[in-house]
Amino acid sequence: MSDVVEKTLTALPSLLSLDSQPGSAKLSSASKLGHLIRGITDLSSKHEEEKLIQGELASIKDQISSPSTSMRQMKELMVRAIYCEMLGYEASFTYIHAIKLAQQGGALEKRVGYLAVSLFLNESHELLLLLVNTVLKDLQSTNLIEVCMALTVVGQIFPKDMIPAILPLVEEKLNHPKEIIRRKAVLALYKFYLIAPNQVQHIHNKFRKALCDKDPGVMTASLHIYLNMIQENPEGYKDLTVSFVTILKQVVGGKLPMDFNYHNVPAPWLQIQLLRILSLLGKNDSSSSEIMYEVLDESLRRAEMNHNITYAILFECVKCIYTVHPKSDLLEKAAKCIGNFVLSPKINLKYLGLKALTYVVQQDPKLALQHQMTIIECLDHPDLIIKRETLELLFRITNSQNVTVIVEKMLEFLRASKDDHTTTDLVGKVTELAEKYAPDNEWFIETMNTVFSLGGDMMQPDLPNSFLKLLSEGFDSAEEDRKLRLFAVDSYVSLLQQEPDKLPQRFLQVISWVLGEYSHLKEELEPTTVPMLLAKVLAMKNATSETKTWALTAMTKLCDGGAGAAVAQQVSEAYSSCLDTVLRQRGHELQLLSQDPELRARVLPRGAGPEALEVDSSLSFLDEYVSEALAAGAAPYKPPHQRQEELARTKALSLEPYGLSLPISMSSCSIADRHSPTLLSISSGLSGNSADLSNKGGSTTLKLDGVKRVWGKEGYLVQREAVEEGAQVEVPSPLLSLGQQEEEDQDGSGPSASQTATPTPTATPEPEQEKQQLASSLFVGLSSHSDVSLMGKSEQNLHRFRRKAKGSASLSAGRETTSDPAVSAPSAVDDLLCDSPVETPSCTQGGLAVANGRCSDSELTNGDAAGGELRPPGEDGLDGEDGPAPAGDLDLASRLPDDLAGLPHSDVTPLGSDGSLDLSACHVQGEDSLSLLVFVHNSSSSDLQQVLLELHSDELEVLCACENTLTEVQSGRTAMCRYLLSVKKPAAHVEVVAVVSYPTPDPRSLRLSYRLPLSSFIRPLSVSTEDYGKMWLSFSHDTKQNLRLVGGGREALSATLSVLERKLRLRVVEIIGTEGVLACRLLPDLPCLMHCRVHAGTLAVWLRSPVPDLPDCLLYHCQRAFTED
Amino acid sequence: MIKFVLMVNRQGQTRLSRYYQPVELSRRAQLEADVVRCCLSRRREQCSFVEYKDFKLIYRQYAALFIVVAVTENENELSVYELVHNFVEVLDKYFSRVIMFNLDRVHIILDEMIQNGHVVETNRNRVLAPLSALDKLADG
């Protein structure tokens, strides 16, 4: 059908490109643009083009500034200038005229003026400010076309700072009777939302109105804003799910006017947009998903027509079905639909099918099994993009059983690839797979050899580093480590003996390091062999000085007396007069150390392994110094990004290059260091964005711990494999048995295997058989784990969502409604309001005095009776003696409200006094909340009226159920205010500032602060090991550090972790061998994960969280916990 | 999301370009040459989507004219492929009345359909309404 249209359209290009066509020739010959284009088309060289355009620009320049040029001619000139710029020749002298044209031109001229502005200028161009007045004028015009043009340009480009000037006018247009004006106004607001979201925050309800507009175009426009807002905060728009579903239902049902159809399909792009929104809303949310099942089903059914656009909708629909909470019959239909895609003879559909499959196999690897033969065919497809997409798919289904085949396929592609971006990407992926699933040492080293040779200098720079780290840190068994290293040495020696000058620099560096470090393991090597090989590397013409540095350092490690020393002597002489200072330095070192074996043994001890360096990244030892400096008036420290923001604001010089230099210099200095991996890991930790980097590379996420990983991409691997094996026994599907056979017999000859596994009953010809063998090795181990992962996912999703919902519910409830008994925190506040033993200011007016009276009664009884029970033994001692707290407040802590009784709380700390009022405070750690109690004691002889207590904090959100007006504090009495705190911005310590003011007898105000450690906001987080693994991958902020172990011996890890569990309330998720994982959350629900590994007598700690700064702060408290212990 | 739209002839000369993410003027010519080379080298039976750096190119050929759209990884390629066709149909509808080549008018039509890299209007009548109104004013 579209083919027919396409044929009728073949006439079109002639209109556009002015290729010889009789009709157009006559008309366009008058057009100067036509003349220009014709001229360009006839040219054969770039040089001639440049000459022609420069001439053209000169003539434009001439005419454009002439006063006699009419607006009509100006428009003509502008279009020609647009054309010149489009070809890459700057025409900046016309910019100002473009603005003038928009200002003064008539209808079409004005539009072209605006068009030129939007093409020529970028968002930050200063000339854009000159446009503001014109836009303002046009927005107020009575001519709708002018209003329309102004709104269009505002929707494309507008200076951020000037938004307030036109915002009211644009808002006003939302009520315009004309559809097109309302629609353009919504799109303009969308632009504002994109460039300055804060500016349009207050008009969110107007977006809702646009969504409900009677015109479908206006509604469609509003969806852009909603898609963005929902992406950022899906929880905030769940109530709209029903609306989106209803809209989609109407669109699918053909309720829109006919002219919204495209090839008889109702508003396809609108449908796609709605499906995207629905998948965001239904993700991890079963109740919202429930609402959309019906319409998703209908979308699948309606889109049956055989046209590209219906397939585009189906693709989106399938993605949506696999994103929202799973429903089995829909999944089945979607899977069938994917089948239609991948089996289609049309290549575009096949591509899309593979893309869909790649997306869904993450949820359900079984689907890959269904289409295995198609996937095999696509793997050998002549079109590279199909091949590439297939590899992407295979990458997602790799496991320890099929890794060798899949990696081989990826390497095959790499060998043929010429595109740098593809190479970098694939090299990262192969490395990730190899490190995670390598079946044995030989395979691993050989695969990495290929990776280094092919990836060469295109690979991510952290890749070789982590490989070396992996080699040097080793795994559980020393024997295995030795074998791996030995194999690497063997392999590298033979590589260097062949043609080392073909190897990339990075690979040569890796080889040098490994040989320097481990070639002594191979005893049968002649002592001169390796130094000679290194000398060969040094002598290579194409070796960079960086590579030479690595080689020289390696040689320094090897110059063991005798023949080796002789080679070293020769080399060092050559370099001791080298012009490159770094090389000269290394040459001197080599010379000295080769002559002094004792010194060398001390400087470069053999087999020392990476030394554990304890780095206190939070620099807590400087705390005292810092506070002294602050007290002396020094400016507080600002993190680099903040400094830069401020600098940018004041338009000072940007310091960016300096900021970047830290990690770079660290890694370069480590080149020559024997313990480079450790140093490097520190530098990556310092740089703070190592996680981001590694995510980009898709390679390093989890590689640091070596081949035998306990936690892998899919979570906890050991357990997973155990489950798999169990399932395989239970469900002996033909494919699986094939896989098992394949495993038993690696080079197994086909016949017996294919007999059991032929999916089609027909006899299989030879090539077919080969494919099936390939299939069996590719898809082995898939079917069983599908169930596991599907279950695992939904469980985790459910869990995550619940936790989050709870957190946000309690927060919002705390803000708006305080009487919801279902929510724990506010209900606690309610209790406090009604039966608090201590006076609270917002008690009903009449009862105030009575409450006060009762308060003193209960004060005594409560204090006496419950004093001992309230405080957990040994946790706190009230320091009433040395504080300025009045005697009457000694037992303040024991007067906690009932609902807080029994919870751990801090000492009551006196905050300060002004002679009449004494303030003190303590915090109580509830299970899901942190309450701050502020006690205001009136120590003067007269009652104080209108006492006002206000709390502020930069790092904290302070919630209080009541107005914080302490209307009256009677003489000698204590009033209490209660607040709920949650963390906005993590910091090692957070501070609340309390301001008390009262007007009589003379106006006074008292400003005091209360500091509490971040650890009081930490609560245990219950997750399964599997969920932990998934969360781990999705968090982007991390920090690493080696910490001291508590105790020694076998129990050291559990003893150490129990300290963390006890002191910081982290939850130990699991301990396996020398590794342990812990999880916690920062109130209300910000997770932070911790991975610990005992290594070389220290605890290697790695923290991750979605919240910036949280890992660092938590690490600080971990260190504190150990020093105090 | 759409990064840019290109219209080029068979010789690889740019007829129209519209960027939705800032690209320096000096880099455009090279980028366009690369992109065009990527698409022109492909055969008819090959996939209409090509990988280029970290984004995808979607191209469609109408006789001597190529339309190339660059999109980010998360875009639905087929929907953009059809969007191109819709655009061409709109052009066909408009220019069948006034046979004349006009860079500015094609831009104006494109601006009605794509804004900030998003599809904002696909209804042919509505896409053409503002331009038709301008034409009427100019005539009258």
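# Salt bridges and the A–B interface

Glu524(A) counts as exposed, at 61% relative accessibility (buried is under 20% relative accessible area, exposed over 50%, partly exposed in between, with a 1.4 Å probe and protein chains only). This is a predicted model, in which local features need pLDDT of at least 70 and side-chain atom pairs pLDDT 80 or more, while totals for chains, interfaces and linings use all residues. Residues are numbered from 1 along each chain as its sequence is written, chains are lettered from A and ligands numbered from 1 in the order written, and side-chain values use heavy atoms, without hydrogens and water.

**Exercise 1.** Find which side chain meets Glu524(A) in a salt bridge.

*Solution.* Start with the rule: a side-chain nitrogen of Lys or Arg lies within 4 Å of a carboxyl oxygen of Asp or Glu. Next, check its cover. Lys522(A) is buried, with a relative accessible area of 17%.

**Exercise 2.** Describe the interface between chain B and chain A.

*Solution.* Count the residues in contact (heavy atoms within 4.5 Å). Chain B brings 69 and chain A 79. Then take the buried area, the accessible area (1.4 Å probe) that two parts lose on being put together, summed over both. The two chains bury about 6800 Å², 59% of it on carbon and sulfur atoms. Now count salt bridges: 10 join chain B and chain A. Helix H2 (residues 77-95) of chain B gives the largest share of that chain's side, 13 residues (helices are DSSP runs of H or I, at least four residues; strands are runs of E, at least two; both are numbered from the N terminus).

**Exercise 3.** Trace the salt bridges of Glu179(A) and Glu121(B).

*Solution.* Glu179(A) meets Arg126(B) at 3.2 Å, N to O. This pair runs from helix H12 (residues 179-195) of chain A to helix H4 (residues 124-139) of chain B. Glu179(A) is buried at 19%, and Arg126(B) at 15%. Turn to Glu121(B). Its partner is Arg183(A), at 3.3 Å, N to O. Glu121(B) sits in the loop between strand S7 (118-119) and H4 of chain B, and Arg183(A) in helix H12 of chain A, so the pair joins two chains. Glu121(B) is buried at 5%, and Arg183(A) at 1%.

**Exercise 4.** Which residues are linked with Glu51(B) in a network of salt bridges?

*Solution.* List the chain A members: Arg388(A), Glu392(A), Arg396(A), Asp425(A) and Lys429(A). Then set the network against the total. The structure holds 48 salt bridges over all chains.
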